[in-house]
Amino acid sequence: MIGTVVRVSVEPPAEVPVKVPDEALRPALELAVGVAAAGVKLRPPLAFPSGLKRFLRFHKLPPAALSEVRAAVEGDDAFRGRLASVATADLVDEVGVLWLSRPDGWDLAITELIPEQAVDDQAALRREERRRLAAQEAAARGRAELLAMTAELDRERAGKVAVMGDRDRLKSELDEVRARLRDAQRVEHATAQTLAKAESELATMRLAAAAPRLPTPVVIDTMAVRNLLDGAVAASTDIVALLTDALGELARADSATDEVSFEPARSPRARRKPIRLPGGVLVGTVEAAEFVLRIKGALTLVDGYNVAMLGWPSLDLDHQRDQCTVAAENLAKRWNMAMTIVFDGATVEGAHTVTRRKLRIVYSPAGVSADDVLRAEVAGTDFVKAVVVVTNDRAILADVTAAGANTVSSDDFLTLMRR
């Protein structure tokens, strides 16, 4: 009986992947985080897996983070290849080198090395010491950069102090020139009065000389009159020279500081009269503020940031300005007011004058403060028109009060807007 040979093909057992514990790969995983952290500072920055971003500040990874870092590295073969090109057994260990480079048979080799790695505590300590020293060097570099930035900030602050000193000096010189100009204007006025008086006396003397009823001829001292007229002419010439010098100095001071020029002189009769409060209403109260603000035909000028910063201190500058503008416009509509808000505009992008139905918004030009714009607005308004200035700035209050304007504190203005 011939037996039948049956050939049975036996498939080789499937290769079972070797499971390498996350803890065994700690040196390689911490190297990956360190390389990614250093690569961020390069220009251009080094590409690395996005999953490593949240671990860039870690010098030693917690056990819970090892699996997530491992998954990020294993998911980016290009980044793992760059790590393999710089990894050495001294820097990570043999297990880490094999895991990163992955030559043929790397997984089996790792299974043989893992027990050795568990007992090689001295090598792990050495690697940890190298990582600690590297972290100290990075911290030292960071401190050096911080010291350099601090020194630069100090230099900028010193420069700013010097600029502010020059600005104050120029402003003081400008104030002195303005005072000299006012003195010259007073001298001119006095001289004009003297000249008018001399002409009047001369006319009187001529009439007396021509009168037919005079019993005796009138002798006119023409020499005395001529001397008086010559003195008046000389005084006028001196005034013109003084005004010319003062205007030249003022022009030079204004060109150096870019400040608003002096307000033009007005006739003594052209002076604005402040609004008078009715009986029983006290100055500096909310009732007084409401009375002057409701005067028909009056112009209200608001120191924008003085009110905005007081009323909305928790907001940033842009939102303070927006809130102040909305509240002021609502009040202007309720009381049918003509209102202008003045803001410092040098740092506001695209700042320009905006005119609405009941509200006009003005931004000061570069080099000019909102305070000087407020003063110029008061000086440029017709003196027959009542003006109310809203601010807590004492310097502005003194100047506009002297110009005949009424004043309202920013606190009272905020109270009325919020009713």
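Which residues in H3 meet which residues in H4?

Author: Happy to walk you through it! Please keep in mind that this is a predicted model. On the H3 side, the residues that take part are Arg80, Leu83 and Ala84, and they meet Trp99, Leu100 and Ser101 of H4.

Now step back to the two helices themselves. Two packed helices are described by the angle between their axes and by the distance between those axes. Helix H3 covers residues 77–86 and helix H4 covers residues 94–101. Their axes come within 8 Å and cross at roughly 140 degrees. An angle over 145 degrees would count as roughly antiparallel, and 65 to 115 as roughly perpendicular; H3 and H4 are therefore oblique to each other. As for handedness, the crossing in which H3 passes H4 is left-handed.

Strand S2, residues 338–344, is mostly covered, with five of its seven residues buried. S2 pairs in the parallel sense with strand S1, residues 299–303, over five bridges. One of the bridge pairs there joins Asp303 to Val342 in S2. S2 also pairs in the parallel sense with strand S4, residues 359–364, this time over six bridges. Here you can find Met339, whose bridge partner in S4 is Leu359.

Terms used. Residues are numbered from 1 along each chain as its sequence is written. This is a predicted model: local features need pLDDT of at least 70, side-chain atom pairs count only at pLDDT 80 or more; totals for chains, interfaces and linings use all residues. Side-chain values use heavy atoms; hydrogens and water are left out. Buried means under 20% relative accessible area, exposed over 50%, partly exposed in between (1.4 Å probe, protein chains only). Helices (H or I, at least four residues) and strands (E, at least two) are DSSP runs, numbered from the N terminus. Two strands pair if DSSP finds at least two bridges between them. Axes are lines fitted to C-alpha atoms, for helices over the stretch in contact, and angles run from 0 to 180 degrees between N-to-C directions. Angles under 35 degrees count as roughly parallel, over 145 as roughly antiparallel, 65 to 115 as roughly perpendicular and the rest as oblique. A crossing is left-handed if the near helix is turned anticlockwise from the far one by less than a right angle, and right-handed if clockwise. Contact means heavy atoms within 4.5 Å.
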